[in-house]
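Take a look at the sequence and model below.

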Amino acid sequence: MELLLQKLKDIFHMDLVMLGGGGVLNWSFIQAGLCDEVSVVIAPAADASATSPSLFDTKENLTDDTPVSFTLKNVETKEDSTVWLTYSVNNAETK
């Protein structure tokens with residue numbers, strides 16, 4: 001993952017990458033210290049489905065479940081009672 005990010009920076013001059021692949025991808029980058037910010041949008045709705053994807057998820061033999069804490073950076077209230085939260089990742093090594 002670190003090599004991927006370095007190539008994106010070197011070849012395409014990208015300094016910022018947004019992850020949107022799902023819980024395993026998100027957690028993998030956080031556990032590797034390659035994610036410095038988390039942005040969460042909470043909508044006023046729920047489905048309670050056991051198969052709904054999670055924001056963070058471990059994958060056996062790929063990631064561990066070492067806890068990571070966040071610090072709230074910003075809160076914005078959007079239309080229809082939606083809330084947008086932005087956090088700094090406290091344990092990020094920011095490589």
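## Strand pairing

Which residue in S3 stands opposite Glu76? Trp84 does. This is a predicted model, where local features need pLDDT of at least 70, side-chain atom pairs count only at pLDDT 80 or more, and totals for chains, interfaces and linings use all residues. Residues are numbered from 1 along each chain as its sequence is written, and side-chain values use heavy atoms, without hydrogens and water.

Strand S2 (residues 70–77) runs antiparallel to S3, with seven bridges. Two strands count as paired if DSSP finds at least two bridges between them. Five residues separate S2 and S3 in a hairpin. Asp80, in the turn, has a positive phi of about 55°.

S3 (residues 83–89) also pairs with strand S1 (residues 37–42). That pairing is antiparallel too, over six bridges. Here Val38 stands opposite Tyr87 in S3. Strands (E, at least two residues) and helices (H or I, at least four) are DSSP runs, numbered from the N terminus.

## The largest pocket

The largest pocket has a volume of about 840 Å³. A pocket is an open set of points on a 1 Å grid over the protein atoms alone, where a 1.4 Å probe fits, with protein on both sides within 12 Å along at least five of seven lines. The volume is the space filled by probe spheres set on the points, which are joined across faces, edges and corners.

The lining holds 25 residues, each with an atom within 4 Å of a point. Leu16, Val17, Leu34, Cys35 and Asp36 lie nearest the centre. Helix H1 (2–12), helix H2 (23–31) and S1 each give two or more residues to the lining. H1 gives the most, with five.
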